[in-house]
Amino acid sequence: MNLQAVRAIYVFEMARTFRTIAQSIISPVLSTSLYFIVFGTAIGSRIDQVEGVSYGAFIVPGLIMLTVLTQSIANASFGIYFPKFIGTIYELLSAPASFLEITAGYVLAAATKSFMIGLIILVTAFFFVDLQILHPIWMLTFLVLTCLSFSLFGFIIGIWAQNFEQLQLIPLLAVTPLVFLGGAFYSITMLPEGWQAVSLFNPVVYLVSGFRWSFFGQADVALVWSIIAILGFTGACILTIGWIFKTGWRIRA
Amino acid sequence: MPTPILSVDALNKTYDGGFVALDNVSLEIMEGEILALLGPNGAGKTTLISAICGIVQPTSGRVTVGGFDTQSQYRGARDLIGLVPQEINLEPFEKVINTVRFSRGLFGKPRDDAKIEQILRQLSLWDKKDNAIRELSGGMKRRVLIAKALSHEPRVLFLDEPTAGVDVELRRDMWEIVRALSDSGVTIILTTHYIEEAEAMADRVGVINKGQILLVEEKAALMARMGQKELRIDLNKKIDAIPEELADRDVELSDDGQRLIYRYDTRAERTGIVRLLSALQAAGLSVADVETKQSSLEEIFVGLLQDQEEGVAP
């Protein structure tokens, strides 16, 4: 096991994060704060409680998920796309490192960054709303698993993308709508029955639901399904990446 | 008999589009030597290096480095290899020292600042260690690529067109670096399409074209074996035409009528020089000076490529 390689990639990627601290950390915090002001304070003050929780507090888990999901994908996809784009990938391919080690380096770095952002948003939320966390360990577990699984997914997108446009395509066309329709800002029980059934096909519903349960003790779907969904998604991503490195798809001619 | 550190056996690479980049390439490289792979653009030089280093997946064939199979024992094999790519592929915003440290870590070696300092000093990069790469000149960037490749102390170093697009001064600079590396015991395989470079640096020369290795030989032996020599005879008196006595001697007369040129093969049993000189005497020509010239590697190279076109074995 070439743990030095994992460490080298991790340190190199984290250095990039701290070099570009403004765009890495400050901008997601700023945009989330704006969500709090608009949805939580301005509009939220006119909305009744949702499932016994004030609307401002209710949207906190969804907002964290929204940012963590998009950030994990963006960080990991850029992390591996950039070496492809500037040609430094030759070094990764010629190094005595397995796909597991290379992936671990990039994905752990991307996940660390989005985990940090998630925590910062959580802290920011305390300034705007009265918030309680019923199951903090579960909250952290969900956060870590989401950061990891969507960083894996982002890594796949980064390998798949052949230009910057494609790099943006899936986050823009698929992920953002899935998150918005995944109950980030509402409970799916508020939807008409037919749409509730449709929502159950949206994987993000399970993530948001489980995460929100860890805060307020209420979930749209059973907790076990949330755990199965996130572990299943992680597993699928790992299998896909294993196949990519085995076949060299889009990375090795 | 030295053992080969790198051995390529019947390596083939056909790209998805059907283009055959490597056609049954076999090659052995001895520890400590400098091998120059010479070939025109698109000959398969970079594909060969890429297939050895793991960047390109070979279609068939086997490569071992230090006894390790590059497919089934890739960790052992790649540990021994350093690669300096043709393109300047570097992260522009990163500091020189960080990118070199990264390479060392990636190849599984623990951080060793003293070693990194030694490499950077060897390549005259120490003063630039805290500069971002984008602030460096083209020549300096190439040195950074070399430093990265050396960071994990490889025993075999591939230099893919190290002096492509580099000015004359920098090229000589690069040659000195390569010689110093070779003196330190590193085996070097460099690709080039500059004959001059192969002639100046290599112990052995391999010629590759259209994915096939045409030959691999000691540079000196190659030049001697393949080399045609030219005998130039300066005459005391100008002549208008080649005299009858020399008609069947295959000589040329220079435009100014003052010099006879005779080409001969050093490998031939009889070079024909003695007979030519007797014929000169018989023709009553008086000789002012005689000079011989060995054909350059470039002429040999062009000759080989022409032979391949015409289907003649070298």
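**Helix packing and the chain interface**

Reply: In chain A, the axes of helix 6 (residues 136-160) and helix 10 (residues 223-247) come within 9 Å and cross at roughly 30°. Helix 6 of chain A is therefore roughly parallel to helix 10 of chain A, since angles under 35 degrees count as roughly parallel, over 145 as roughly antiparallel, 65 to 115 as roughly perpendicular and the rest as oblique. Axes are lines fitted to C-alpha atoms, for helices over the stretch in contact, and angles run from 0 to 180 degrees between N-to-C directions. Helices are DSSP runs (H or I, at least four residues), numbered from the N terminus. The model is predicted, so local features need pLDDT of at least 70 and side-chain atom pairs count only at pLDDT 80 or more, while totals for chains, interfaces and linings use all residues. Residues are numbered from 1 along each chain as its sequence is written, chains are lettered from A and ligands numbered from 1 in the order in which they are written, and side-chain values use heavy atoms, with hydrogens and water left out.

Me: What is the handedness of the crossing of helix 6 and helix 10 of chain A?

Reply: A crossing is left-handed if the near helix is turned anticlockwise from the far one by less than a right angle, and right-handed if clockwise. Helix 6 and helix 10 of chain A cross in the left-handed sense. Their contact residues comprise 19 nonpolar, 5 polar and no charged. In this scheme Ala, Val, Leu, Ile, Met, Phe, Trp, Tyr, Cys and Pro count as nonpolar, Asp, Glu, Lys and Arg as charged, and the others, Gly among them, as polar.

Me: At what angle do the axes of helix 3 and helix 9 of chain A cross?

Reply: The axes of helix 3 (residues 55-86) and helix 9 (residues 203-216) of chain A cross at roughly 135° and come within 9 Å. That makes helix 3 of chain A oblique to helix 9 of chain A, and the crossing is right-handed. Contact means heavy atoms within 4.5 Å; among the residues involved are Phe58(A) and Met65(A) of helix 3 and Phe211(A) and Arg212(A) of helix 9. By class, this contact has 13 nonpolar, 1 polar and 1 charged residues.

Me: How much area do chain A and chain B bury between them?

Reply: The size of an interface is often given as the accessible area lost when the parts come together. Buried area is the accessible area (1.4 Å probe) that two parts lose on being put together, summed over both. Chain A and chain B bury about 2600 Å², 58% of it on carbon and sulfur atoms. Phe12(A), Tyr90(A) and Pro96(A) supply 27% of the area that chain A buries against chain B, more than any other three residues. The contact takes 25 residues from chain A and 31 residues from chain B.

Me: How many salt bridges are there between chain A and chain B?

Reply: A salt bridge is a side-chain nitrogen of Lys or Arg within 4 Å of a carboxyl oxygen of Asp or Glu. There are 4 between chain A and chain B. Arg16(A) and Glu91(B) are joined by a salt bridge (2.6 Å, N to O).

Notes:
Helix = DSSP H or I, 4+ residues; strand = E, 2+ residues; numbered from the N terminus.
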